[in-house]
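Thanks for asking me to look this one over. My notes follow as numbered points, to be read alongside the structure itself.

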Amino acid sequence: MSNEFDTKKIHSGYEPKNFDYSATVPIFQSVAFDLGNTGRADQIVRGELPGAFMYSRVANPTVDIFEKRINALDGGVGAVAVASGMAAITYAILNVAEGGGRIIAPLDIYGASLDEFRTLLPKYNINFDFVENINDFDKIQELIRPDTKAIYVESVSNPITNIADISQLAKLAHKNKIPLIVDNTFPTPYLFNPIKFGADIIVYSSTKGISGHGNVVSGIIVDGGKFEWTKEKFPQFFEPELTLDKEGREDNSFVGVFGKRAFSAHLRTKYLRLMGAVLNPFAAYLGLLGLETLSERVNKEVLTALKIARYLEKNEHIEKIFHSGLLNTPQRDLVEKYYPNGIGTVFSFKLRGTVENIKKLLNGVKLFTYLPNVGDNRSLIVNPSGTTHREVPEDERKRQNISDNLIRLSIGLEDASDLIRDLEQAIKQAFKE
Ligand SMILES: *Cc1c(COP(=O)(O)O)cnc(C)c1O
């Protein structure tokens with residue numbers, strides 16, 4: 001039986017009868033699990049006993065259910081939860097470009113991702129070719145070289161909400177025998193399913209909309225399972241792996257043993273197990289709790305965000321709105337194709353004013369909270385150029401529309417009328433002589 005989204009978000013991955021009939025998912029704080037006997041121990045270490053656990057850095061029952069649930073929502077073949085969204089991005093990139101290589105990515109991405117791609121991963125021999133417009137397919141094709149290992153995109157970009165054309169990008173990637181990695185944090189699995197449109201690896205900061213309550217840092221990687229890994233470009237999945245040795249087994253590589261799940265199995269065994277940015281069971285529990293109301297929260301927030309954007313469009317102090325879900329945006333066709341339920345709860349606008357006006361606006365809000373997070377039940381406001389995107393060089397910020405008069409909003413569950421009133425009074429305040 002294949003259930004629909006809202007049923008899956010409550011039930012997938014959990015069998016109460018296996019957990020003393022506990023109606024909700026229990027928190028397993030245990031570090032380690034009794035191996036029973038030596039025969040069972042051998043099977044567990046080789047990953048041959050599904051549902052058996054050994055040590056919580058590798059897998060834990062509560063975390064496992066969180067992984068299975070997100071995997072079910074995205075339609076993947078396996079998911080690996082990690083300690084943060086940045087850990088998810090880092091492990092996905094290291095896993096795909098192990099030993100070095102090149103990756104193509106747009107410039108308008110999360111500030112810490114861009115900083116990592118520009119300044120840190122190149123020191124590990126993973127270099128990035130950046131494009132200004134991720135839907136410039138000719139430019140991307142031009143940039144692909146023999147050692148290019150993947151295309152990386154954000155489905156809805158932060159903070160300008162540019163929409164990536166995932167089907168076309170997947171086609172382009174596959175034509176060149178490389179996978180498409182998508183950071184799907186902004187839409188969450190509810191608003192967009194990248195795997196359905198051909199993406200191969202999905203990463204999330206589940207700190208954001210997935211958990212939704214601003215109370216847990218966490219991340220997750222979902223393996224789409226359809227990409228054909230080749231030995232020439234991705235030898236890491238074809239090398240003999242000691243931990244997978246078994247009498248009578250000829251091919252002990254990740255592809256040999258795990259087949260379609262090679263990417264996620266390799267990521268768990270080599271990166272989670274050895275580098276250790278593991279998600280703790282209580283964090284997984286909070287993620288599961290948040291997931292139970294994902295669509296209900298996001299539906300309301302999408303509507304409220306549109307109401308606020310429409311209000312701001314008419315405000316004389318607003319220079320420009322960046323919300324791809326509005327009717328008159330250039331990406332209307334992509335929004336209709338990919339986002340029938342809305343693009344998300346985050347959007348930005350430029351204030352027609354000086355840095356002084358911006359400061360007054362940020363200091364004047366009473367209901368909005370001034371902080372660098374998104375996807376919380378509380379509505380949030382921030383100036384990206386001074387906070388989330390501070391590490392992006394100024395000239396690049398300008399090209400990406402992240403000017404000093406840009407304000408980003410993340411809309412929560414309060415009443416739209418109260419949020420609009422709050423912005424109205426804060427904008428008035430900002431321009432008072
Ligand atoms: C927040 C965020 C991240 C990083 O996630 P953390 O959980 O804070 O490490 C990555 N990508 C996007 C789009 C984000 O919004």
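Predicted model: local features only at pLDDT ≥ 70, side-chain atom pairs only at ≥ 80, totals over all residues.

1. Next, the overall dimensions. The radius of gyration of the chain is 22 Å, which agrees with the value near 22 Å that a compact globule of 433 residues would have. Along its principal axes, the C-alpha trace spans about 80 × 55 × 35 Å.

2. On to the fold. You will find 16 helices and 12 strands in the chain. If we take contacts between residues at least 6 apart in sequence, 73% of them join residues at least 24 apart.

3. How is the chain divided into domains? The assignment gives domain 1 as 5-290 and domain 2 as 294-430. Their C-alpha centres lie 29 Å apart. Where the two domains are in contact, domain 1 contributes 44 residues and domain 2 contributes 42 residues.

4. Last, burial and surface. Of the 433 residues in the chain, 57% are buried, where buried means under 20% relative accessible area. The accessible surface comes to about 18700 Å², and carbon and sulfur atoms account for 51% of that surface.

How values were computed: Residues numbered from 1 in each chain as written. Heavy atoms only, no water. Helix = DSSP H or I, 4+ residues; strand = E, 2+ residues; numbered from the N terminus. Rg over C-alpha atoms; globule rule 2.2 N^0.38 Å. Buried < 20%, exposed > 50% of the residue type's maximum accessible area, 1.4 Å probe, protein only. Contact = heavy atoms within 4.5 Å. Areas by Shrake-Rupley, 256 points an atom, 1.4 Å probe, with all protein chains shown as cover. Domains from an automatic or database assignment.
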